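Subject: Structure handover

Hello,

Here is the structure for you to look through. My notes follow below it.

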Amino acid sequence: MKKAYLFVLLVAAIAMTGCRQSTRVSSPDKTIELSFCLHDQVPYYSVIKDGRQVLGTSRMGFDDHKYTMVSLRSSSKNESWETTWGEERIIKNNYRELQVTLRDEQNELMVVRFRVFNDGIGFRYEFPGEGGSFEICNENTEYCFTDDPEVWTIPWRTPYYEGLWEKSPMTALRDTLCSPVTIEYSNGSYAFLHEAALDDWAAQNFYVADGAEPSVFPVLGTYLTPWSTGVSVYGERGKTKSSWRMLILADNITELAASRLMLNLNEPCKIEDTSWIQPMKFIGIWWAIHLDHYSWCYRLLDEKGNVIGLAPKHGATTENMKRYIDFAAGHGFGGVLAEGWNEGWDGDWTSNLASFTTPTPDFDIEYLSRYAKEHGVQIIGHHETGGNIQNYEQQLDSALSYYDRLGIHNVKTGYVHAKLEGKEWHKSQYGVRHMNHVIRTAAANHVCIDNHECVMPTGLCRTYPNLMTGEGVRGQEWDAWSTDGGSPAQHLCVLPFTRCMAGPVDFTPGTFDFSNPIHPETRVHSTLARQLALFVTVYSPLQMASDMPESYMQHPEAFRFIEQVPCDWEQSHVLDAKIGEYVITARQDRHSSDWYLGAITNEQEREVSVDLSFLDKNKNYTAEIYRDDSQTDWQQNPYKIVIEKRTLTASDTLTLTLKAAGGAAVRFTEL
Ligand code: NOJ
């Protein structure tokens with residue numbers, strides 16, 4: 001139970017940059033200590049872990065405001081909560097809180113709420129009062145590092161976050177960066193800098209500020225994504241809260257991946273009846289469109305926009321959809337996505353005026369939704385807005401209730417355009433507000449969201465678990481059409497510790513045909529076994545298997561793993577990894593005692609030894625192993641796979657050879 005009491009000033013200490021008195025709060029296990037102070041009416045904080053200074057005295061606050069102290073309060077919480085779906089069923093939430101109330105020179109109050117967990121810290125700004133609007137241009141929050149660690153980053157302007165994460169020493173950073181940033185220390189410990197519960201605020205980015213004298217180490221400053229007006233945040237007193245600024249601190253890679261700090265900083269579930277929210281795997285009329293076998297558009301237009309005929313390869317047809325539904329029903333998939341199903345995709349669909357309640361004449365959605373239901377499958381809806389928010393918001397209620405009536409409870413949303421409404425960044429407060437409005441409206445209509453071209457997730461799925469998954473990643477679709485040859489194998493050994501730390505990812509694993517007739521120079525850098533492993537490596541409760549039924553039927557034995565692997569977990573563990581090199585993940589099914597293992601490597605072939613002590617000690621397991629063969633070669637012979645059964649126990653070690661760009665997937669069932 002939350003227990004609040006008046007804070008007693010703990011220690012007066014001489015802090016690093018002249019803070020004469022600081023107030024401290026420690027993690028429940030006392031390993032992490034956060035200090036707060038006011039110096040020359042500017043708020044500062046610093047962080048120590050295991051006696052080592054992680055962040056030196058770092059500035060806080062907004063614009064040119066000066067603050068005076070009003071009060072200090074502390075409290076604590078120690079609870080466990082159950083996830084609606086997730087990588088883990090039960091999450092422990094244990095922290096100590098320090099609430100600092102400050103008053104600015106205009107007599108307005110600001111609360112800084114710190115929480116210190118055993119695995120890191122979080123803090124947010126709150127603006128109490130009774131109404132009254134305010135504007136923020138600059139957030140002054142800084143992170144003064146005391147070391148020169150390696151960092152994994154993407155530049156802040158990376159369109160839709162769809163870039164390859166790069167590693168560099170922090171001192172070598174020049175560009176402004178997206179949040180999150182993953183930090184690798186030379187002693188094998190890690191940090192993860194991001195934000196949580198981004199609701200009515202602007203997404204943060206980080207710029208490299210000058211190091212605070214006499215430090216030679218870098219300082220990351222906060223750059224809030226602005227509106228086109230130049231203002232970053234439009235706030236209202238009594239209502240507006242910043243997202244939580246958070247820093248996970250982990251002694252090793254396993255602890256980093258296990259941290260649930262971001263989810264813990266979000267509010268509990270606000271949806272009372274979550275029975276309609278169902279994790280599932282799905283397929284779709286999708287990869288074939290990206291490979292140009294089919295088109296999104298139904299009609300052909302000339303340059304002036306006049307209809308000159310019907311598109312010869314329209315993908316979302318009644319007949320095609322039935323074929324996909326039949327396949328889904330026969331192979332353990334819960335849903336089928338159809339893109340290009342609605343009017344408005346003809347011509348340049350990125351600036352379209354789509355109708356979200358009018359199917360194309362060749363897509364009989366009423367019939368198909370009945371047909372899908374009879375076969376125990378759901379249609380996955382699709383709302384590609386082309387960034388045209390006004391057009392979408394005008395139709396949002398009717399579009400979602402239309403889907404609800406048809407029994408469509410999952411919708412992939414999309415915002416393909418450099419700017420929303422042609423002028424606002426996706427991750428500005430404008431974009432954040434819109435996307436969260438969609439999530440709330442969808443919840444009211446029993447619809448789950450797979451958000452493409454999203455704002456980087458921040459754990460809001462705890463509060464609104466109908467926000468199931470999202471993009472914000474250079475996903476597998478890039479390997480269909482990018483002209484740079486496709487994503488290097490390293491990419492997927494980086495994502496679990498960068499993008500995936502921010503929440504579920506619609507990466508779309510499961511490509512079974514690596515040929516690419518349109519862009520022969522581009523391909524998925526993978527072996528077949530690795531495509532299976534990705535269903536364990538990359539977490540998404542709505543997990544799309546990318547390829548076409550005809551591709552899956554070319555390798556039915558390997559496909560069995562995809563049919564069986566779940567996407568909702570009782571517990572998950574990264575057993576071993578090196579960012580950018582290899583990742584070994586084990587997860588236990590939430591609805592059976594089965595365990596699954598996924599191991600992947602970068603461009604280097606390697607042998608890994610997997611300690612199976614995560615299995616139940618008293619049981620024998622049948623392990624169905626899908627692995628690269630000695631002859632497997634991702635370029636010359638990618639489909640070669642060994643599928644074998646072994647009996648294994650918790651005291652065994654499983655040795656696997658992962659070929660370059662290869663991997664292994666294992667299903668453990670109790671004997
Ligand atoms: C980009 C999305 O990432 C992709 O999955 C989708 O097919 C297209 N937009 C069309 O909405």
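Strands here are DSSP runs of at least two residues, numbered from the N terminus. By that count, Thr68 sits in strand 6, which covers residues 67–82. Please keep in mind that this is a predicted model.

**Thr68**

Thr68 is partly exposed, because its relative accessible area of 37% falls between the limits of 20% and 50%. Its contacts, leaving aside neighbours within four places in sequence, are Leu38, Gln41, Thr101, Leu102 and Arg103. Gly129 is 61 residues away from Thr68 in sequence. In space, the two are 17 Å apart, C-alpha to C-alpha.

**The ligand**

Which residues are closest to the ligand? They are Glu339, Glu384, Lys412, Glu471 and Glu477, out of 14 residues that surround it. By type, the shell holds 5 nonpolar, 3 polar and 6 charged residues.

- Lys412: a polar side-chain atom lies 2.8 Å from an oxygen atom of the ligand.
- Trp286: a polar side-chain atom lies 3.0 Å from an oxygen atom of the ligand.
- Glu453: an N or O atom of the side chain is 3.4 Å from an oxygen atom of the ligand.

On its own, the ligand has 290 Å² of accessible area, and the protein covers 95% of that.

**Cysteines**

There are 0 disulfides in the structure. Take Cys454, which is in no disulfide. The nearest cysteine sulfur belongs to Cys178 and is 11 Å away. A disulfide would need the two sulfur atoms within 2.5 Å. Is Cys454 buried or exposed? Cys454 is buried, because its relative accessibility is 4% and the cut-off for buried is under 20%. Cys144 is also buried, with a relative accessible area of 6%.

**Met246**

Met246 is in strand 20, residues 244–250. Its relative accessibility is 0%, so Met246 counts as buried. Leaving aside neighbours within four places in sequence, Met246 is in contact with Ile121, Gly122, Phe192, Leu193, His194, Glu195, Ala196, Leu261, Met262 and Leu265. Phe114 is 132 residues from Met246 along the chain. The C-alpha atoms of Met246 and Phe114 are separated by 9.7 Å.

**Backbone points to check**

Most residues other than glycine have a negative phi, and most peptide bonds are trans. That is why I picked out the following places.

- Ser179 and Pro180 are joined by a cis peptide bond, with omega at about 10°. Pro180 lies in the loop between strand 14 (177–178) and strand 15 (181–184).
- Tyr160 has a positive phi, near 55°, and is not a glycine. Tyr160 is in the loop between strand 12 (150–153) and strand 13 (166–169).
- Asp292 is not a glycine either, and its phi is positive at about 75°. The loop that holds Asp292 runs between helix 3 (287–290) and strand 22 (299–301). Asp292 is partly exposed, with a relative accessible area of 39%.

Over to you.

Best wishes

Terms used:
Residues numbered from 1 in each chain as written. Predicted model: local features only at pLDDT ≥ 70, side-chain atom pairs only at ≥ 80, totals over all residues. Heavy atoms only, no water. Near = heavy atom within 4 Å. Polar contact = N/O pair within 3.5 Å; in protein donor to acceptor, adjacent residues only side chain to side chain. Areas by Shrake-Rupley, 256 points an atom, 1.4 Å probe, with all protein chains shown as cover. Nonpolar A, V, L, I, M, F, W, Y, C, P; charged D, E, K, R; others polar. Buried < 20%, exposed > 50% of the residue type's maximum accessible area, 1.4 Å probe, protein only. Helix = DSSP H or I, 4+ residues; strand = E, 2+ residues; numbered from the N terminus. Contact = heavy atoms within 4.5 Å.
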